[in-house]
Every structure is written in structure tokens, then in C-alpha cells.
Amino acid sequence: MSTPIPATLIPGDGIGPEIMDATLAALDALGAPFVWDRQIAGLGGVELAGDPLPQATLDSIRRTRLALKGPLETPSGGGYRSSNVRLREEFQLYANLRPALTIIPGGRFDKIDLVVVRENLEGLYIGHEHYVKIDNDPHAVAMATGINTRAGSRRLLQYAFDHAVTTGRKKVTIVHKANIMKALTGIFLETGLDLYEREYKGKFELDTVIIDACAMKLVLNPWQFDMLVTTNLFGDILSDLVAGLVGGLGMAPGANIGADAAIFEAVHGSAPDIAGKGIANPTALLLAAAMMLDHCQLAPMATRLRRAIDETLNVDQVRTGDLGGKAGTAEFTQALVSRIHASR
Ligand code: NAD
């Protein structure tokens with residue numbers, strides 16, 4: 001019997017509760033030792049507590065330092081600030097880990113096994129933006145400031161390099177635009193090269209590539225990459241690109257890792273168009289739960305979960321509509337739980 005692990009559970013908005021139920025059923029079947037503290041955020045937080053990120057939710061994560069989170073709705077344009085961004089800032093979740101692994105073979109790109117490590121807190125996403133009015137045009141000029149620090153770059157690169165070593169990645173590619181944004185992304189490149197020379201040389205191969213060339217190479221020959229590590233904006237774009245290589249957002253999990261906490265989630269949003277219909281694909285959140293098991297040193301359970309997902313999709317051919325199948329969330333979950341029980 002494993003030691004109980006306290007963890008915060010945020011079912012989230014839209015399809016969140018449906019895919020979270022499926023994920024909890026799988027974790028229960030595995031006997032995962034999480035002791036859940038159920039909390040709210042996003043639209044659910046606004047509706048039930050008048051706050052998209054209630055204090056009780058923050059307190060819970062501060063206590064458990066570990067969370068599994070469903071998608072949270074964020075209004076576009078006006079309205080409240082993204083609870084996801086606030087969570088990253090609040091818990092200094094500086095590393096965003098986005099693996100892309102082919103599970104269903106025979107797609108446009110087969111046998112993909114890549115991971116993108118994205119800096120999550122700095123760069124052009126810090127939100128220092130403003131307009132300058134000229135004559136009658138209040139939006140005549142738009143300005144944004146990006147900030148990358150040596151310390152912020154170093155801690156992210158160190159996390160990525162350590163992750164490459166512990167997971168046996170052979171090659172790490174630093175993605176940058178230091179030919180144009182010489183200071184802003186140059187500092188990231190320079191820090192990465194220096195760190196590699198000093199502490200990681202020989203442990204894996206290090207390569208560098210400019211972001212635009214990287215985008216092209218990923219589409220022409222994604223197999224040449226193993227791990228990509230990059231700054232916030234480039235990482236945001238590339239991690240969706242690599243999700244596309246393995247069948248889209250429905251198959252893409254993500255982890256937000258910091259010194260003080262780790263939050264695991266599906267990459268997709270709350271899918272309001274299909275919420276409540278019982279047809280959502282829970283695979284991305286299930287894969288996020290597998291990452292959470294790895295994070296908690298429960299690798300054998302993570303492996304069993306990943307294998308059961310693979311068998312359900314490929315051997316039993318039980319697939320939800322977004323993957324071309326006919327199964328609803330409940331039917332998929334039932335098949336998955338049977339596979340987990342059979343793997344004992
Ligand atoms: P979305 O990812 O919710 O949906 C895009 C499309 O993919 C929709 O057609 C949807 O039905 C489909 N889809 C997504 N997940 C699916 C699943 N598991 N199974 C089957 N189909 C699925 O993106 P959106 O519509 O742009 O965003 C909706 C809301 O989610 C917005 O408020 C947005 O801010 C929020 N969002 C949250 C997160 C997060 O919490 N991490 C991430 C992205 C978007």
C-alpha cells in the first residue's frame with residue numbers, strides 16, 4: 001500500500017467534470033494513493049464563490065503542492081484574467097512540459113515521441129503592453145515589452161536538461177530567435193549553451209535552431225527532434241504544433257512545474273460546444289494524470305495507465321467521436337477501467 005498523497009482536484013468548467021470523472025475512475029482502478037481536496041476555479045469559481053480563483057483553492061494548492069486540473073473558462077477580450085495564468089504566477093510554475101507521443105498509429109505523422117519544454121513566466125507574455133495615441137487614433141502605436149532574465153532562463157534550462165537526463169532523451173534543441181531579438185532571446189540561448197558546457201556536456205547532444213526554421217523542420221521531418229526547449233511565446237506555439245502531429249489537442253497533456261507546486265492538466269479548453277453531451281474524449285487528462293503519477297515517483301502505475309489507454313484505443317478500438325469512433329465518455333471509461341483491472 002502506497003503512502004497517501006494529498007492533492008488538489010479542480011474538475012473545471014465545460015467538459016471538465018465529465019473528463020475528470022473518467023480520470024478519477026481510472027486512478028481509482030489503479031489504486032492511486034491520491035487523497036483529493038476538491039476545489040473550484042474559473043467560471044465555476046465565479047458562479048459559486050464570486051471569484052475565478054478563490055482563496056480556498058489557492059490555500060489548498062499551497063498545502064498539497066500538487067493539483068490535477070480540468071480546463072477553466074476564460075472570457076475573451078474583457079472579463080476576468082485567466083485563472084491558468086494566475087496559477088502559474090502564484091506558484092511560480094516556470095516550466096511547462098508538453099510531451100507529444102503517437103498513440104494511434106497510421107496518422108499523417110507516425111511514431112512521434114517529442115517533448116517541448118516551455119518557459120512559462122517570462123518573455124513577451126508578461127503583459128507589459130500599451131498603445132500610443134497619435135492625433136485621433138488612440139491605437140496608432142502598440143508596444144510590448146518582453147523580459148527574460150538570466151536566472152529565469154537558467155532555472156528553466158536546468159529543469160529541461162535534468163528532465164532530458166532522467167528520461168533518457170538523446171538530443172535537446174534550444175529554439176530561439178537570437179539573430180533578430182538579440183538580447184531578449186539571445187540571453188536564453190547564451191545561458192543554455194553556457195550551462196551545457198559547464199554541467200551537461202556528454203550527457204546528451206545539444207543543438208540550436210531558429211524558431212522559424214524549427215517550425216518548418218517540425219512539419220517536414222519531426223523525427224529529427226527529441227526535446228525542444230524554448231522561451232514562452234515560441235513554446236506556446238510549438239507545443240500546439242507538436243500536439244497537432246499526434247492527433248490534436250484531445251491527445252495532449254501538459255504539466256506546469258515550479259519549485260513550490262506542480263499542476264497537471266489537459267492542453268485543450270473547456271469545449272463548451274460539447275459540454276454535458278457525454279461525448280468528450282478524456283485521453284488528454286488521463287495522460288496528464290499519468291504525468292502526475294510519474295512526478296510522484298509512481299512510474300509503474302503511470303506505465304499501467306498509459307498501456308491501458310493504448311489498448312483501449314488500439315486493441316479494443318473504443319474511441320470517442322473526435323478520434324473517428326462512436327463511443328461516449330462513459331463507454332470509453334468503462335473499457336479503460338476493464339483494461340486497468342485486467343493489467344493487475
Ligand atoms: P477548446 O479546446 O475548448 O475546444 C476546441 C475544439 O476542440 C472544440 O470544438 C471542442 O469541442 C474540441 N475539443 C476540445 N477538447 C475536446 C475533448 N476532450 N474531446 C472532444 N473534443 C474536444 O478551445 P476553445 O473553444 O477555444 O476554448 C473554450 C474555453 O476553454 C475558453 O474559455 C478558453 O479560454 C478555455 N481554455 C482553457 C484552457 C485551460 O484551462 N488549460 C486551455 C485552452 C482554452
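Select His268 to start: leaving aside residues up to four places away in sequence, His268 touches Ile15, Ile19, Pro71, Leu249, Gly250, Asn281 and Ala284. Contact here means heavy atoms within 4.5 Å. His268 is buried, with a relative accessible area of 12%. The cut-offs are under 20% relative accessible area for buried, over 50% for exposed and partly exposed in between, with a 1.4 Å probe and protein chains only. His268 sits in the loop between E12 and H9. Those labels are DSSP runs numbered from the N terminus: helices (H or I) have at least four residues, strands (E) at least two.

Before moving on, note that this is a predicted model, in which local features need pLDDT of at least 70 and side-chain atom pairs count only at pLDDT 80 or more, while totals for chains, interfaces and linings use all residues. Residues are numbered from 1 along each chain as its sequence is written, and side-chain values use heavy atoms, with hydrogens and water left out.

**Stop 1: strand E12**

Five of the five residues of E12 are buried, so the strand is largely enclosed by the rest of the structure. Colour its two faces separately. Ala262, Phe264 and Ala266 are on one side. Ile263 and Glu265 are on the other. Both faces are covered.

Now show the partners. E3 and E12 run parallel and are joined by four bridges. Leu66 stands opposite Ala262 in E12. E11 and E12 run antiparallel, with five bridges between them. Pro253 stands opposite Ala266 in E12. A hairpin of four residues links E11 to E12. Strands count as paired if DSSP finds at least two bridges between them.

**Stop 2: the whole sheet**

Show all strands of the sheet. It is open, has ten strands and mixed pairing, and its order is E2-E1-E3-E12-E11-E4-E5-E10-E8-E9. Which strands are at the edges? They are E2 (34-38) and E9 (205-210), and each pairs on one side only. Neighbouring strands are turned by 25° against each other on average, direction ignored. Angles run from 0 to 180 degrees between N-to-C directions, and axes are lines fitted to C-alpha atoms, for helices over the stretch in contact.

Go to E8 (residues 171-176) and E10 (residues 227-230). They run parallel, joined by four bridges. Select Val175: its bridge partner in E10 is Thr230.

**Stop 3: helices on the sheet**

H7 lies across E5 (113-119), E8, E9 and E10. It runs at about 105° to E9.

**Stop 4: the H9 and H10 pair**

Two packed helices are described by the angle between their axes and the distance between the axes. Select H9 (residues 283-295) and H10 (residues 299-314). Their axes come within 7 Å and cross at roughly 160°. H9 and H10 are therefore roughly antiparallel to each other.

Which residues make the contact? From H9 come Thr283, Leu286, Leu287, Ala289, Ala290, Met291, Leu293 and Asp294. From H10 come Ala299, Met301, Ala302, Leu305, Arg306 and Ile309.

Now select the loop between H9 and H10, where Gln297 is found. Phi of Gln297 is near 60°, a positive value in a residue other than glycine. Gln297 is exposed, with a relative accessible area of 68%.

**Stop 5: Lys111**

Jump to the loop between E4 and E5, the place of Lys111. Lys111 is not a glycine, yet it has a positive phi of about 55°. Buried or exposed? Lys111 counts as exposed, at 69% relative accessibility.

**Stop 6: Ile126**

End in strand E6 (residues 123-134), which holds Ile126. Ile126 is partly exposed, with a relative accessible area of 25%. Not counting residues up to four places away in sequence, Ile126 touches Leu121, Thr145, Gly146 and Ile147.

Terms used:
Parallel < 35°, antiparallel > 145°, perpendicular 65-115°, else oblique.
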